[in-house]
Each structure stands twice: as C-alpha cells, then as structure tokens.
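Hi there,

Here is the structure I promised to pass on to you. Have a look at it first, and then read my notes below.

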Amino acid sequence: FPIDKTRAFGKLILFGEHLVVYKAPALVGAVSAYTDCQIEYLDDAPGKLEVIDNRPAVPLYKETKKEEGDEAINLTLKHLGVDPAVRGIRLTFGGDLCCASGIGASAAQVVSLARAVNIADSRNLTEDEINAAGYEGEKGYHGTPSGIDNTAATFGGLLRFQRTDGAPIFEKKSFPSAIRIVYASTGITASTTKVVGDVRAMKEADEAWFAEIMTEYMSLVKEAEKVVEEGDLIKLGKLMDQNHSILQKMTVSCKELDDLVDAARAAGAVGAKMSGTGRGGLMIALTPTEEIQDAVASALEKLAPQVWKTTFA
Ligand code: MEV
C-alpha cells in the first residue's frame with residue numbers, strides 16, 4: 001500500500017481566519033509536515049470501524065477532539081460511499097504533523113483518509129474530489145467550515161482562498177523568496193465549532209461592528225496580496241501584526257497567544273499573529289533570516305510547550 005501517496009498537509013493561515021467563513025479572501029500556507037493513512041478492509045468483521053491514531057499531538061489534543069474526529073471520519077466515509085457495516089475497516093493514521101489546534105490537523109486527517117480510500121478502491125478520484133471529501137469530513141469538526149483547511153491539506157503550497165456562494169475559488173501564489181517562519185502552540189486546544197459559533201453570535205448581535213471589522217480586513221488583505229506579489233517580507237510582517245489586532249478586536253485571541261506574539265516581535269520577528277481558530281491553538285511569526293528564526297524560536301521556547309521552525313517554499 002503506497003502510504004506516501006496518502007499524505008495531506010497541515011496549514012497555517014497568514015491572513016483571514018474567521019473572516020474567510022464570511023467569504024473574505026484569505027492567504028494560507030501549507031507546512032511540509034503531513035498526516036498519512038493506512039486502510040485495511042476486514043472482510044470477516046462487518047460493522048467494525050477501528051481507528052489507530054499514531055499521530056504526534058500536543059497533550060490533551062486527541063482526548064479533546066476524539067468525538068469530532070470520529071464524526072469527521074464517519075462523514076468522509078459516508079461521502080465516499082464506504083460503509084463499515086458491510087465490510088469492517090481498520091484505519092491507521094500517522095505522519096509527522098503534530099496535532100495542535102490551529103494547524104489544520106483535522107483536515108489533514110480526513111484528506112489523507114480520502115486519499116487512502118481512493119488508492120485502496122482504485123477509484124481514480126481527482127484532487128478536487130479528494131478535496132470535496134475532505135470538506136465533508138471537516139463538517140464533523142464544525143458546522144460551517146470555510147473549506148480553507150481541507151484545500152490547503154489537499155493542494156499544499158501558498159494559496160489565496162475564497163469561499164463563494166458556489167464552489168470556493170483558490171489559486172496558488174508564489175513568493176519570490178522562501179518565507180521563513182516559527183510557529184508555537186499555546187498548549188490549549190480550542191473547539192473550532194465553539195469559537196466560530198461565538199463569532200457568528202457576535203456578528204448577529206452587532207452587524208455594524210462586524211461590517212467595520214470586515215472593511216478594515218478587506219483593505220488589509222488587498223494590500224497583503226500586493227505585498228506577496230512584490231515579495232516584501234517586512235511589509236508582509238506589518239500586515240500580519242495588523243491582522244492580529246483585528247483578531248484581538250474579534251476576541252478570538254487570548255492572553256497566551258498575545259504573550260507569544262509579543263515575545264516573537266521582541267526577539268526580532270518582523271510580524272506575528274495568532275493563526276487558525278484562536279482562544280488557544282497556535283501563533284505564527286515571520287522571521288526573515290535563519291538567525292532571527294533561531295532567536296525567535298528560543299524566545300518562544302521559554303513560554304510555549306511546543307515550537308516549530310519551518311519555511312513556506
Ligand atoms: C480554522 O483553521 C479557520 C477558521 O477560519 C474556520 C474556517 O475557516 O473554517 C477559524
């Protein structure tokens with residue numbers, strides 16, 4: 001079984017988490033760390049669905065997300081017409097992506113599952129069909145996913161992503177140089193369903209406030225797209241700082257994230273923000289040189305339980 005063909009990537013959102021749910025464009029970078037999936041059919045055990053989860057994870061991640069994860073696996077299998085009641089299934093998830101809230105671990109899991117079914121059943125699914133299966137699975141994690149996580153998990157690279165009334169639109173972006181980053185976990189696992197739901201409730205309670213936030217973000221992301229074309233890391237970092245302020249206004253950041261963001265900036269990052277769901281989860285810092293990347297990682301290691309260095313190539 002060619003397990004390397006089931007790889008699906010983690011992601012970090014550079015611009016636009018939460019607002020992407022409301023059709024604002026977002027920029028997302030896939031990390032090289034991946035989840036893979038091995039599938040075995042158990043002909044003599046109809047009705048059995050066994051999940052072996054060997055993915056590395058921050059403490060409490062798997063316990064906190066187990067129910068949502070099981071639901072996501074069931075939804076993905078259902079979408080693909082695979083019924084464990086007819087033939088038992090054993091799934092083994094692995095890979096080097098450390099599961100932490102914010103990294104898109106759930107999307108990587110269901111996209112790798114879709115890839116595994118595709119190979120095991122010789123389906124010849126297109127990448128769009130794999131992505132669509134991942135999207136169905138994501139609904140197990142929260143009711144109204146934008147689709148950004150499964151799209152990054154499927155296609156990798158740096159992407160501009162936008163939800164529409166129909167299919168989402170996304171395109172690969174290239175940055176003239178490598179984007180060197182550090183990302184760190186607060187160690188807190190947040191429920192995307194809950195945080196996305198809270199944002200929806202705040203929006204419904206005060207549409208004028210939300211419209212103001214959206215206007216501020218729309219001019220920011222327009223500028224960010226221009227800066228990506230130009231390849232200006234310093235300007236990109238400043239815009240990430242501004243995006244963090246918007247997320248603070250939306251109350252999806254928290255003290256732990258703000259402290260990490262401040263520490264990264266103090267250690268030389270040219271920009272830093274929370275990334276993903278927030279209220280815990282991850283933050284990302286832009287570090288133009290290897291020296292700064294090391295300095296920022298050391299500073300964050302004093303505060304955060306997990307710190308990673310990577311590059312969006
Ligand atoms: C989660 O990685 C990103 C959110 O914007 C939710 C979504 O887009 O589905 C918070």
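Before the first finding, here is a cut-off you will need: two axes count as roughly parallel when the angle between them is under 35 degrees. Please also keep in mind that this is a predicted model.

Let's start with helix α1, residues 61–79, and helix α2, residues 105–120. Their axes come within 10 Å and cross at roughly 30°. With the cut-off above, α1 and α2 are therefore roughly parallel to each other. The crossing of these two helices is right-handed. If you want to find the contact on your screen, look for K65, G69, A72, I73 and T76 on the α1 side. On the α2 side, the partners are S106, Q109, V110, L113 and A114. Sorted by class, the residues of this contact are 5 nonpolar, 4 polar and 1 charged.

Helix α1 also packs against helix α3, residues 127–138. Here the axes are 7 Å apart and the angle is about 140°, which makes α1 oblique to α3. This crossing is right-handed too. A72, L75, T76 and H79 of α1 make the contact with A133, E136, G137 and E138 of α3. By class, that contact has 3 nonpolar, 3 polar and 2 charged residues.

Now zoom out to the whole chain. How is the protein chain divided into domains? Domain 1 covers 3–173, and domain 2 covers 179–312. Taken over C-alpha atoms, the centres of the two domains are separated by 23 Å. Domain 1 brings 34 residues to the contact between them, and domain 2 brings 32. On the side of domain 1 that touches domain 2, β1 (8–15), β2 (26–42), α1 and β5 (158–162) each supply at least two residues. That side has 20 nonpolar, 10 polar and 4 charged residues.

Is I284 buried or exposed? It counts as buried, because it has 28 C-beta neighbours inside 10 Å. Leaving out residues up to four places away in sequence, I284 touches L12, I181, Y183, A272, K273 and S275. Try the distance from I284 to A264 as well: they are 20 residues apart in sequence, and their C-alpha atoms are 8.7 Å apart in space.

Best wishes

Note on methods:
Residues numbered from 1 in each chain as written. Predicted model: local features only at pLDDT ≥ 70, side-chain atom pairs only at ≥ 80, totals over all residues. Axes fitted to C-alpha atoms, helices over the stretch in contact; angles between N-to-C directions. Helix = DSSP H or I, 4+ residues; strand = E, 2+ residues; numbered from the N terminus. Parallel < 35°, antiparallel > 145°, perpendicular 65-115°, else oblique. Left-handed = near helix turned anticlockwise from the far one by under 90°. Contact = placed C-beta atoms within 7 Å. Nonpolar A, V, L, I, M, F, W, Y, C, P; charged D, E, K, R; others polar. Domains from an automatic or database assignment. Buried ≥ 20, exposed ≤ 12 C-beta atoms within 10 Å, placed from the backbone.
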